[in-house]
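Hi,

Here is the structure I promised to pass on.

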Amino acid sequence: MPGFITFCRCVVPAPNQQERSVSEKKASIRAAAEKAVGAVLGDDGPEDGVPGKPASVSPPVEEPTTPRDPLPPKADQSGPETVSPTGQATGDNPARMAQSGPYLTTAQGARLYDSDHSLKAGPRGPVLLQDHHLREKITHFDHERIPERVVHARGAAAHGVFRGYGTASNISKAAFLAKDVETPVFVRFSTVLGSRGSADTVRDTRGFATKFYTEEGVFDLVGNNIPVFFIQDAIKFPDIVHAAKPHPDREIPQAQSAHDTFWDFVTLHTEATHHTLWNMSDRGIPRSLRMMEGFGVHTFRLVNAEGASTLVKFHWKPKLGVHSQVWEEAQMACGFDPDFHRRDLADAIEAGAFPQWELGVQTFPDNPEQMFEGIDLLDPTKIVPEELAPVRTIGLMTLNANPSNYFAETEQVAFHVGNMVPGVDVTNDPLMQGRLFSYVDTQLTRLGGPNFPQLPINRTHAPVNDMLRDGMHQTAVHRGVAPYRPNSLDAGCPFLAGEDTAAFIEVPVEVPESRKVRDAAASFDDHFSQARLFWLSMSPVEREHIVAAYTFELGKCYEQAVKERGLKSLARIDAQLCEQVATGLGLSAPAPEEPLADPRPSPALSQVGKVWPLDGRVVAIVTDGVSDLDGVRAVRQAVLEADMVPLIVAPSGGKLDPSGDPITVQRTFATARSIEFDAVLMAGAPRPAADAQGARDARAGEPTGEPVDPRVVLLLSEAFRHGKAIGVWSGGENALPAAGVLANAPGVVGGDSGVSTLEQVKELLGTHRVWDRFPPSV
């Protein structure tokens, strides 16, 4: 069936209801795909199984002319559940929200006989004002765009389900956390700085926002992939965003922090130091959205059925582990495939490799000081190391369906930190307090008025009786005559709920009498000890990447004073870090202005040193199109059986061995780049292909007489530089010298067959990369 790979084994702690529901989801995807293909294509049969197919069926060469109803959606797609604007389940098929009927119509349903020509006074005459179709079509087009988000404009999203483990019952009465309760979710991932048209793999913080459609109302957990933030108080949010955005005179650079205004701000506003260091680490350039942690950033308050409260920090832990790109890969992807992350997420879901995260909490006593082990829990620039407060898992989230329409779902979804349910409450974190105002305020402009909760993607699945009326885009048709209370004309409805009827009741926290001040607690003044903790917790190779990131970013600044100020901040983190960056900038390393902190490192902060599942890894199988095709078939099947994605890379497209058992080519030497592969398998050493000429492909360069295609040489050298596993068989080792790769180098393996070679590569892939390929100097 088109666009479906039957290779994923979802990774969960033990067989349970979630496994069954995921399995049922996969089965429904297969059945829907087979039904769609069978209905339109007859017995054409399944295709090669690689995700990315643009429509649910393959098109004919000629333009179709026989009227028919719209095609079904792709098997991996889903829309918002069908509930009314007031949260009542309708039971409707989601397809009823989409276009219907075989004929082109106006917005009012009148069928059209022509949509290519305006109504004119004769074939060469002026266009007539009475052309209502022209006016409707152009007017709607002129208004198709809404203001993009000021931050988090570029996003990708997916539908899924969250299942509670029941392990949070003693700290929260929230119904969605109860054992085996399944709650629909919609998750939006995003970059912070770039516009909607920017690239995915820029160095930036990523948003990780989850909308839970619970039976008690909508709960939004609006977090990031970094557990701290640049600022401690929301009043500084416009400052950090204005500093990080493109310079206002030239509107450059786009989606980057490597410029003067960003570094001018963060080197003067030193509370940004900790977040900046995370951003300069590998966390700033994730390999995949599926391999990205999420954090609630703030400290929240949970309340149990007895009314006892506990302070918590939320964590999303990816089942595939935390993994990042190397900097060269990220830069290449920005040009080669600026949609790298959103494509990876959508393809994985289409292939059935459903991304999963466990939701966990760190818990702390809700004491009057709101401190833990000397760490201020209200300071959003601080973490609590997991070694001091372990993360306790409370549920599993599985993303199992792609949106059916980007604008209606991913663009129009509206998150709000204040969307809470009974059992969850806020704290006095000054950054959180400002967000409670900001999120609603921004949606009023973006989504055209106060009724944005009625958009299908935002609709709650709990009954709504809010007495809010009218306004732009009101789609509910309210009844009754008394939208006020108390009333008797509507029989007193709606009534107030009590704690025994699941009312949302704020925790009655005592607020001590105090003076009104614009100030912060003294504990907020420590801006460097946790930055030093993060640095000391990194592995040697991660430290190398941080040095490179600071050297690159500060090196892009024009003003010398900004560079020197940046080095002063680094001197207060670590002398070796400061010295290495200073050397790269050609400057002297300053001494720290005060003694350095001596924190205990937190191994949990490092991305290196663990072994992770292989689900969804992409493996290139490079072939000359002739040699050992049986071996190519066998290793392709073995890759699929290992829950990974095989992509055949050959001199030209089409099918290999068409008269035998055909092998579909997914990439040619001209279209393949190393960044999309996690490992490379070489089935031989392909000679230069017919298009290996500089005029057609600049990567081919001038003819040199080398025995291996120059695009393959480049792919191998890039994969080696980026720490990726390389496997060779059937003469594949002959391609290594041309790429400057030693056959006995770390992470380069060979075997008698593709399958035996793959077994060695799988061992290497579990650690994401071959980290010991390059000895670190830091």
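**What I found**

Starting with charge: the protein chain carries 73 positive and 99 negative side chains, and the centres of the two sets are 2 Å apart. Lys and Arg were counted as positive and Asp and Glu as negative, with His and the chain ends left out. Each charge was placed at NZ of Lys, CZ of Arg, CG of Asp or CD of Glu.

Before you read on, some housekeeping. This is a predicted model, in which local features need pLDDT of at least 70 and side-chain atom pairs count only at pLDDT 80 or more, while totals for chains, interfaces and linings use all residues. Residues are numbered from 1 along each chain as its sequence is written, and side-chain values use heavy atoms, with hydrogens and water left out.

**The chain as a whole**

The protein chain has 16 helices and 21 strands (DSSP runs numbered from the N terminus: helices are H or I with at least four residues, strands are E with at least two). Its radius of gyration is 28 Å, close to the 28 Å that the globule rule gives for 778 residues, so the chain is as compact as a globular protein of that length. That radius is taken over C-alpha atoms, and the rule is 2.2 Å times the number of residues to the power 0.38. Along the principal axes, the C-alpha atoms fill a box of roughly 90 × 80 × 60 Å.

Of the 778 residues, 52% are buried (under 20% relative accessible area; exposed is over 50% and partly exposed is in between, with a 1.4 Å probe and protein chains only). The accessible surface comes to about 35,500 Å², and 54% of it belongs to carbon and sulfur atoms. Those areas come from the Shrake-Rupley method with a 1.4 Å probe, and for residues only the protein chains shown count as cover. As for contacts (heavy atoms within 4.5 Å), take those between residues at least 6 apart in sequence: 72% of them join residues at least 24 apart.

**The annotated parts**

UniProt, in an unreviewed entry, places "domain: Catalase core" at residues 105-493. UniProt positions are given in the numbering used here, feature names are shortened, and annotations may be inferred rather than shown by experiment.

The unreviewed UniProt entry also puts the feature "active site" at His 152 and Asn 224. They are spread over 73 residues of sequence but cluster in space, with a largest C-alpha distance of 10.5 Å. His 152 sits in the loop between α2 (132-142) and β2 (155-164), while Asn 224 is in strand β5 (residues 217-224). Asn 224 is buried, at 8% relative accessible area.

Which residues does His 152 touch, not counting those up to four places away in sequence? They are Arg 188, Ser 190, Thr 191, Val 192, Gly 207 and Asn 224. With the neighbours within four places left aside, the contacts of Asn 224 include His 152, Gly 207, Phe 229 and Glu 293.

Do look at helix α10 (residues 529-537): 8 of its 9 residues are buried, so it is largely enclosed by the rest of the structure. Among the buried ones are Arg 532, Phe 534, Trp 535 and Ser 537. Their cover includes α5 (273-280), β11 (375-376), α11 (540-555) and α13 (575-585).

Ser 606, in the loop between α13 and β14 (618-623), is buried with a relative accessible area of 9%. Residues up to four places away in sequence aside, Ser 606 touches Ser 537, Met 538, Ser 539 and Glu 542.

A cis peptide bond joins Ile 252 and Pro 253, with omega about -5 degrees. Pro 253 lies in the loop between α3 (237-244) and α4 (260-268). Ala 255 is in the loop between α3 and α4 too, and has a positive phi of about 55 degrees although it is not a glycine. Ala 255 counts as buried, at 4% relative accessibility.

Another cis peptide bond joins Cys 493 and Pro 494, with omega about 5 degrees; Pro 494 is in the loop between α9 (430-446) and α10. Finally, Asp 657 also has a positive phi, near 55 degrees. Asp 657 lies in the loop between β16 (655-656) and β17 (663-664) and is partly exposed, at 27%.

Cheers
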